[in-house]
Amino acid sequence: MQLARRQRTAADTAVSADGAHPVMLVTFDVPFEPEATELAVDTAVESGQPLIIVNAAEVPLGPISLSMKYEYVGTDEVEDALRAPAALAAGLAVKVERLRLCSPRPIEALLELVAERRPGLLVVGPDRTRMRKRTYAKLAKKIRARAACLVWLAP
């Protein structure tokens, strides 16, 4: 029986050499559940890993929106919700990175980011009272099936 071996790339070596697997805290253009924020920041502090805070927002890309140059416009409430865990983690000496994913398919964009950044823990923590139940169920199902890391979903 012949085994196929994949060649290691420089990216593989860099990640495995320092063992960095950041904690990723994600919302979908709504504020966070407090429990999710607490878990993500605590895990980053205790593990000594960076915290990546992600807002995945759905932005339609139709002919009209492209010609009119529509862009993502965030609300102050969501920006404050993203700023709070970043400030807390930075105050506890955790390296913090904030990202905004704007895509017509934010779940797919998030899964690509997860594959690229390879977090050790993905905390999916949007405030479920601000999302449709069906939307949350759909994103939870896709993330559970395709994320190659530990996943925590808001209860």
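Predicted model: local features only at pLDDT ≥ 70, side-chain atom pairs only at ≥ 80, totals over all residues.
Me: OK, and what does the secondary structure come to?

Reply: Count the helices and strands, then read their order. The protein has six helices and five strands, and along the sequence they run α-β-α-β-α-α-β-α-β-α-β.

Me: How much of the protein is buried?

Reply: Here you ask what share of residues counts as buried. For this protein of 155 residues, that's 41%.

Me: Which residues make a nonpolar surface patch?

Reply: Val45, Leu88 and Leu92 do, and their patch covers about 240 Å². Take valine 45, which sits in helix α2, residues 34–47.

Me: Why does valine 45 count as partly exposed?

Reply: Check its relative accessibility against the cut-offs: under 20% is buried and over 50% is exposed. Valine 45 has 34%, so it counts as partly exposed.

Me: Last one: how do I read the largest pocket, and which residues lie nearest its centre?

Reply: Start with the space, then go to the lining. The largest pocket holds about 380 Å³. Its lining has 19 residues, and Glu58, Pro106, Ile107, Thr135 and Leu139 lie nearest the centre.

Me: Which element gives the most to that lining?

Reply: That's α6, with five residues. At least two residues each come from β2 (51–58), α5 (106–117) and α6 (133–146).

Technical notes:
Residues numbered from 1 in each chain as written. Heavy atoms only, no water. Helix = DSSP H or I, 4+ residues; strand = E, 2+ residues; numbered from the N terminus. Buried < 20%, exposed > 50% of the residue type's maximum accessible area, 1.4 Å probe, protein only. Patch = residues over 30% accessible without salt bridge, like charges linked within 9 Å, V, L, I, M, F, W, Y side chains within 5 Å. Areas by Shrake-Rupley, 256 points an atom, 1.4 Å probe, with all protein chains shown as cover. Salt bridge = Lys/Arg side-chain N within 4 Å of Asp/Glu carboxyl O. 1 Å grid on protein atoms, 1.4 Å probe; cavity = no way out; pocket = protein on both sides within 12 Å on 5 of 7 lines; lining within 4 Å. Points joined across faces, edges and corners; volume = space filled by probe spheres on them.
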